[in-house]
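Hi,

Here is the structure I promised to hand over. My notes follow it.

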Amino acid sequence: MPTINKLVERLNRYLPFDPGHDQIYEEHASSSDSFNIETKAFSYLVKACSEGANAIVLTGDAGHGKTHLCRRLIEHFCLRTDIPKQEREDESRRIINEKCDGQQSISTYLTGQRNKFRIFKDFSELTVEVAAARLEESLSDSSAVTVLCANEGRLRAALSTSEAGPLGKSIRHRFEKSFEDGLCSTDDSIHVVNLNYQSIAGESVDDSLFKKAFKFWLDMRRWKNCESCESKERCPIFHNRALIDERGKNTNVPRLEQVNLLFKTLERADTVITIREMLMLVAYMLTGGLDCQTVHTKSARFGWARQYSFYNLLFERPSTLTKEQVSSIKTLSKLSRIDPGVCATRSTDDRLINEADLFPAHQIDLEFNISLDKGTRASIDASQGIDQVLMKASSKKERAKEATIAREIVKTLRRRAFFDGIGFQDNPLEKLGFRFGDLFNRIISENVDKNELGKLKPRVVAGLRHIQGIRVGEPKNTLELLDPAFGRMGANGGILAGTIHPQNINLYPLEKQWDLKDSDDALFTSVDWLSRAIVLEIAPRRHEKPRNLIMDLSMFDCLMRASDGHVPTVFYQNDIRRFLDFLGELAESLNNDEENIRVVSELGTFEILLDEEKNIVYVDGQ
């Protein structure tokens with residue numbers, strides 16, 4: 001009888017490919033089949049409850065684990081510790097489903113005045129008026145800690161209605177101020193934990209939630225019966241487990257570190273990945289939706305397993321899944337923008353094509369079964385490069401076919417090379433399409449001294465100049481801003497709203513603008529935090545309040561590419577629009593002189609003075 005690993009079935013229950021993926025939702029999960037990831041958010045909530053908080057607001061997109069955190073609080077504070085863990089989890093899940101509408105009190109072992117919970121597990125289940133009224137009633141209960149779960153839109157809507165009382169409005173005030181001051185709480189009474197700031201990746205893999213999930217699933221004890229399986233050597237699921245848990249042959253780089261780098265980069269490119277999505281991704285990377293029976297059926301074939309290697313699954317849909325199925329894991333569509341398989345770097349590609357023994361031979365993730373000329377087929381081990389793809393092409397059609405095969409092999413080798421850490425001596429993010437990724441990371445980590453920052457500012461100016469469409473005149477260190485009332489730069493020139501000196505321009509990590517350092521109530525201490533954004537700070541004039549633009553990795557890369565004189569406008573159209581909106585608002589704050597007009601053209605910059613009848617009476621060229 002073929003060997004069946006129940007873990008594979010369990011993993012597939014986390015995949016949203018059929019109605020059986022109930023494990024992904026807290027309310028439907030079973031205690032025997034779920035696991036808990038320790039997060040900083042949970043530790044922060046335990047501390048807030050223990051210190052007598054009046055209200056705790058959990059906000060963020062669906063899937064961040066708001067309901068899960070509430071269930072964990074119930075298990076931690078409401079149930080006896082001398083009963084088995086599985087029973088406590090089952091009971092806490094029953095309470096979540098039956099008593100968390102905000103109206104019922106839940107007894108706790110908390111000491112002090114507030115010794116019970118009132119939990120709203122989902123604010124969206126109520127109309128905004130009813131939700132606001134019930135919240136005010138709950139907050140008025142001096143013996144209860146009120147825990148509220150709501151996405152940002154629902155929270156704002158409910159607390160903006162006429163039914164919202166003074167206590168509800170104080171929550172709204174703290175929520176809105178949190179974006180400005182970076183604090184979850186200022187008085188230990190109201191705590192707002194924004195899970196949209198929670199990261200599944202970390203600065204290093206050891207700090208990531210991703211590693212915690214993988215560590216649970218990769219434990220060899222869970223794969224013990226696979227060791228005696230007759231299909232073990234030809235099983236892509238077991239092979240994925242080994243690949244992810246091991247290191248690259250020629251670099252000794254942990255592949256899990258490279259997985260973390262991939263998702264850290266994606267998060268820094270303005271993608272929010274929830275814990276629910278992370279669990280889907282972990283399960284998908286290991287199984288690709290395959291089950292043990294399918295593996296046994298196909299194991300004798302050559303070349304079929306390649307499409308199920310974890311590094312191909314992340315960027316390319318396998319033949320057994322539909323486009324609609326794969327689209328249900330939303331992060332996969334984002335990953336296609338940073339596919340290392342389509343990013344060419346000369347030094348790495350030369351090694352992949354010409355250097356022997358970069359990868360171990362006879363691995364199923366590098367096997368290709370291809371169709372050659374005259375209907376013949378060939379088995380190719382891509383670890384030996386592309387020299388085996390020799391069709392002796394005698395027609396345009398055969399040459400195109402040979403090129404397609406070679407391209408597919410190189411694409412696979414590039415992906416494998418990224419996760420093996422091959423060619424990382426320079427900028428590893430260049431292999432994901434971010435030419436200036438290393439510079440972004442150094443600014444994020446404040447590893448840029450004043451001299452380098454001073455040299456960087458002219459590049460920022462040049463980039464913003466190019467984004468506005470200013471192609472004429474000599475490059476200058478001062479930032480010229482086009483008047484938004486007259487549109488973008490024309491072929492022969494444009495009207496300026498003003499200029500800004502480089503000393504009024506600054507770059508720094510997002511959390512530095514809050515200047516909170518070691519505050520226990522800072523946003524970056526309440527969740528698993530990853531620095532993801534740079535603030536572009538520009539003061540219109542000296543001593544004026546600066547205007548800030550928050551740049552993710554994609555926006556920063558766009559700006560630096562623009563400083564070199566070219567940026568792909570279609571690819572970066574959203575980033576360019578944000579830059580132009582910011583510059584337009586900045587220009588409006590400068591444009592308060594109605595008598596003089598400044599014009600930039602291919603001949604230089606000119607100041608034009610108009611009389612009362614709008615006739616030109618004076619021109620001063622620079």
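Contact here means heavy atoms within 4.5 Å. Axes are lines fitted to C-alpha atoms, for helices over the stretch in contact, and angles run from 0 to 180 degrees between N-to-C directions. Helices (H or I, at least four residues) and strands (E, at least two) are DSSP runs, numbered from the N terminus.

This is a predicted model, where local features need pLDDT of at least 70, side-chain atom pairs count only at pLDDT 80 or more, and totals for chains, interfaces and linings use all residues. Residues are numbered from 1 along each chain as its sequence is written, and side-chain values use heavy atoms, with hydrogens and water left out.

First, the sheet. It is open, with three strands in the order β10-β11-β12 and antiparallel pairing (two strands pair if DSSP finds at least two bridges between them). β10 (505–509) and β12 (547–551) are the edge strands, each pairing on one side only. From one strand to the next, the twist averages 25°. Five bridges join β11 (residues 534–538) to β12. Ile538 has Arg547 in β12 as its bridge partner.

Next, the helices. α21 (residues 553–563) lies across β11 and β12, at about 105° to β12. Just after α18, Glu446 has a positive phi of about 55°.

Best wishes
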